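Thanks for coming. Please have a look at the sequence and the structure first.

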Amino acid sequence: MCGIAGFVGLRPLDRQKRRHLAQVFSSVWAAHETRGRDASGALVRRADGRIMVFKTPGVTSHIVKPVTSEVVEGDHVPLVVGHTRLATSGDPRYNVNNHPF
């Protein structure tokens, strides 16, 4: 099982709206932990095309701060995707087994 949450931005958001987006995204993402607690990951695509990937064995709380900081501090974040995973195969301690990104 797994849980996936995402956001696609169609227009630039000011800092206050990005902060609100980060709060909503982290809440929804954390709610998906019931679908899997073995690994968490997120991808943030910034307006300049840079892709930031965050991965960790374990729950979202291990990486929620750097992900939300990237969302709030970015000029415009057109894409954010997060996931949680329950290990059904492979060792959950190794990121190579855990993440689709």
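**Starting from Glu70**

Glu70 sits in helix α2. Before I go on: this is a predicted model, in which local features need pLDDT of at least 70 and side-chain atom pairs count only at pLDDT 80 or more, while totals for chains, interfaces and linings use all residues. Residues are numbered from 1 along each chain as its sequence is written, and side-chain values use heavy atoms, with hydrogens and water left out.

Buried means under 20% relative accessible area, exposed means over 50%, and partly exposed is in between, with a 1.4 Å probe and protein chains only.

So is Glu70 buried or exposed? Glu70 counts as buried, because its relative accessibility is 13%. What does Glu70 touch? Contact here means heavy atoms within 4.5 Å. Leaving aside neighbours within four places in sequence, Glu70 is in contact with Val44, Arg46, Arg50, Met52, Phe54 and Val77.

The side chains of Arg46 and Glu70 meet in a salt bridge, at 2.8 Å from N to O. A salt bridge is a side-chain nitrogen of Lys or Arg within 4 Å of a carboxyl oxygen of Asp or Glu. In general, side chains of opposite charge can pair when their charged atoms come close. Arg46 lies in the loop between β2 and β3 and Glu70 in helix α2, 24 residues apart, so described as a link between distant parts of the chain. Both Arg46 and Glu70 are buried.

**The other salt bridges**

How many salt bridges does the structure hold? There are three. Another joins Arg15 to Glu73, with the closest N and O atoms 3.0 Å apart. This pair also links distant parts of the chain, with Arg15 in helix α1 and Glu73 in helix α2, 58 residues apart. Arg15 is partly exposed, with a relative accessible area of 37%, and Glu73 is partly exposed too, at 49% relative accessibility.

The side chains of Arg50 and Asp48 meet in a salt bridge as well, at 3.1 Å from N to O. Arg50 counts as partly exposed because its relative accessible area is 38%. Asp48 counts as exposed because its value is 55%.

α2 covers residues 64-73, and its buried residues are Val67, Thr68, Glu70, Val71 and Val72. They pack against α1 (15-31), β2 (39-45), β3 (51-57) and β4 (79-85).

A nonpolar core is a set of buried Ala, Val, Leu, Ile, Met, Phe, Trp, Tyr and Cys residues joined through side-chain atoms within 4.5 Å. The largest one here has 15 residues, and those with the most contacts inside it are Phe25, Trp29, Val44, Phe54, Val67, Val71 and Val80. α1, β2 and α2 each supply at least two residues of this core. Which element gives the largest share? That is α1, with four residues.

Take Phe25 as an example. Not counting residues up to four places away in sequence, Phe25 touches Ala5, Gly6, Val67, Val80, Val81 and Gly82.

Val64 is also in helix α2. Val64 counts as partly exposed because its relative accessible area is 22%. With residues up to four places away left out, Val64 touches Ser26 and Trp29. Val64 and Trp29 are 35 residues apart in sequence, and 8.9 Å apart in space from C-alpha to C-alpha.

**The hairpin and the whole chain**

Now the strands. Two strands pair if DSSP finds at least two bridges between them. β2 and β3 run antiparallel and are joined by seven bridges. Ala42, for instance, has Phe54 in β3 as its bridge partner. The two strands form a hairpin with five residues between them, and Gly49 in the turn has a positive phi of about 95°.

Finally, the overall picture. The chain has three helices and four strands, in the order β-α-β-β-α-β-α from the N terminus on. Of its 101 residues, 41% are buried. Among contacts between residues at least 6 apart in sequence, 66% join residues at least 24 apart.
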